[in-house]
Each structure stands twice: as C-alpha cells, then as structure tokens.
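I opened the notebook to look up a few places in this structure, one entry at a time. The entries follow in the order in which I looked.

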Amino acid sequence: MIRVILSILVAGALVSCGTRKKVDREVFDAVNESMEIKKVNEVDIINEAIKWGNEISTDAQQALMAKLTTSIDEKGVAGAVEFCNVAALPSLDEVSKKHKVVIRRVSHDFRNPVDQPNEAEEMLLKAYEYNEENGIESKPNVQEIENGEILLYTKAIKIPGEMCLKCHGDPATDIDEATLGKLESLYPDDKAKGHKVGGLRGMWSIAIPKKEVVRKL
Ligand code: HEC
C-alpha cells in the first residue's frame, strides 16, 4: 500500500517538475531499494532470533540440568523436588538477565501454576500439542508480538530420558513414595505427572526484544 502511494506521488513529481526529474527518479529508486533491503532484513531478523533462541534455550536447559543432577546426587529425588521448587524459576531468571530476554517454560500440564501459558503463548502451545497428537515433528518458531517490538521464540520441550520420569512419570511405577509426598504437599494441583519418554512436556517461551536481535546483526 505504502509502495503504491509512493509510486503515485513520485510519478506526479516526474510529470509536473521537469528539472527535478532525475532527482525524483533517484528518490523513487532509493525508496524501492530500501524497501527491498528491509524485506531481506525481516528474514534475517527472524533467522537470527531463531538462532539466538536455540542458543538461549540450550543454555537455560543446561543450567537447569546441571543443578538438578547435582541436587539429586546430593539429596536424592525427593530432596531435589524442593530444590526445583525454590531454584527452577530463579535459575531461569539468571539466564534471562544474562541474555536480556524473558525465559519461561510453559505447559497445560503444569506443576507450578505460574507456568500456565499467557494469551500469546496459548496458540503456539496448542500448535505444538496438535503436532504431537498427529505425529508431526515441531520446529522452533518465532512470532512478532506487542506491535512487533518483541520476538517470541518458542520450542517444544520433550521428555528426553528416564531421569525426568522420577518426578514426571507414572505415580504408580516411576515416582517413589517420598517424592510423591513432597510433590503433593508443594503442588496440590500438580498436573505434571504421567509423562513418558519422548512425550511433550511443554514449551520454551523466550521473549526477545527485536532491537536486541537487530543489534546483533
Ligand atoms: C527432582 C524432581 C524433578 C525431576 C527429576 C524433573 N523435574 Fe521438572 N519439575 C519439577 C518441579 C518440582 C517443577 C516445578 C518447578 C517450580 O515450581 O518452578 C518442575 C517443572 C518442570 C517444567 C515447567 C512446567 C511445569 O510443569 O511447571 C518443565 C517443562 C519440566 N519440569 C521438565 C522436566 C524435564 C524435561 C525433566 C527431565 C530432564 C524434569 N523436568 C525433571 C521436578 C522435577
């Protein structure tokens, strides 16, 4: 639309003002060119956001896993539940600050109610769930939100191995009694049990300011 308006405006100038003809043509070309460049940049920006989101989610995942494994070694699984309860969110906050983004793990089968999806995340989480139900592989995704100021990176979180089942698996066979007791007392509305290896546990949601991505390009 803007392009059409500009074409009309510049064409008018070409006809009405002979001496400025050359300059106006140059302006016209320059505007078109910059729009072409902008189009390319939008693609570059999205690709950069995907790349950065992949790095940040890996970083966050490693930070959580390192602490979780140490904690299980030191205090056992039931003890590590308490650790997750007090340390999972602060650990994500730490990684968020480091990268100047906001990192969340969201799920409909949430354990901590703060991990429920917000409006922007809801649709994306549903898409990951749809893919899971239909055996379609999900790729990381970037969407513009908040008038394009924020790029929302999302990625499916799958259960990578047996270790997760000690706290997220079948209560009858995978989770020991002490752990179940801890989970029940800390999370009375827990929905995060009954998972299997390879199943969808939720998604990473990383809100990246677009200007930070542009700065990196
Ligand atoms: C020692 C028990 C324990 C183990 C093992 C464990 N988790 Fe959790 N998980 C928790 C607790 C407790 C919470 C809630 C954390 C909070 O309150 O912030 C949680 C929360 C989560 C969440 C956030 C969404 C929600 O339900 O609130 C995800 C995603 C998650 N875990 C995935 C995993 C994955 C993947 C693994 C295996 C790599 C794993 N967990 C292993 C105890 C555990």
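**Entry 1: E121.** I began with E121, which at 2% relative accessibility counts as buried, where buried means under 20% relative accessible area, exposed over 50%, and partly exposed in between, with a 1.4 Å probe and protein chains only. E121 lies in helix α3; helices (H or I, at least four residues) and strands (E, at least two) are DSSP runs, numbered from the N terminus. I note here that this is a predicted model, in which local features need pLDDT of at least 70 and side-chain atom pairs count only at pLDDT 80 or more, while totals for chains, interfaces and linings use all residues. Residues are numbered from 1 along each chain as its sequence is written, and side-chain values use heavy atoms, with hydrogens and water left out.

I then looked up the partners of E121. Its side chain makes a polar contact of 2.6 Å with the side chain of S205; a polar contact is a pair of N or O atoms within 3.5 Å, where within protein one must be able to donate a hydrogen and the other to accept it, and residues adjacent in sequence count only if both atoms are side-chain atoms. The side chain of E121 also meets that of R104 in a salt bridge, at 2.9 Å from N to O, a salt bridge being a side-chain nitrogen of Lys or Arg within 4 Å of a carboxyl oxygen of Asp or Glu. Because E121 lies in helix α3 (residues 119–133) and R104 in strand β1 (residues 102–106), the pair ties together parts that are 17 residues apart in sequence. R104, at 22% relative accessibility, counts as partly exposed.

**Entry 2: other salt bridges.** How many salt bridges does the rule give? The count comes to 11. One that I followed up joins R111 and D190, with the closest N and O atoms 3.0 Å apart. R111 lies in the loop between β1 and α3, and D190 in the loop between α5 (177–186) and β4 (200–209), so this pair ties together parts that are 79 residues apart in sequence. Are R111 and D190 buried or exposed? Both are buried.

I also looked up E212 and R215, whose side chains meet in a salt bridge at 3.5 Å, N to O. The two are 3 residues apart in helix α6 (residues 210–216), and therefore separated by about one helical turn. E212 is buried, with a relative accessible area of 12%, whereas R215 counts as exposed at 57%. Elsewhere in my list, salt bridges that share partners join E42, E144 and K210 into one network.

Entry 3: Which protein atom is the donor to the iron atom of the ligand? The iron has a single donor from the protein, NE2 of H168, 2.1 Å away; donors are N, O and S atoms within 2.8 Å of the metal (3.2 Å for Na, K and Ca), and water is not among the atoms, so sites may look incomplete. H168 is placed in helix α4 (residues 162–168).

Of the 24 residues around the ligand, D115, C164, C167, H168 and Y187 come nearest, where a residue is near a molecule or strand if one of its heavy atoms lies within 4 Å of it. Helix α2 (21–99) and α4 each supply at least two residues of this shell, and the largest share, 9 residues, comes from α2.

A polar side-chain atom of D115 lies 2.5 Å from a ligand oxygen, an N or O atom in the side chain of R201 is 2.7 Å from one, and a polar backbone atom of R111 is 2.8 Å from one.

**Entry 4: backbone angles.** Last, I looked up residues other than glycine with a positive phi. K100 has a positive phi of about 60 degrees although it is not a glycine; K100 is found in the loop between α2 and β1 and is exposed, with a relative accessible area of 54%. E146, also not a glycine, has a positive phi near 50 degrees. E146 sits in the loop between β2 (141–145) and β3 (150–158) and is exposed, with a relative accessible area of 56%.
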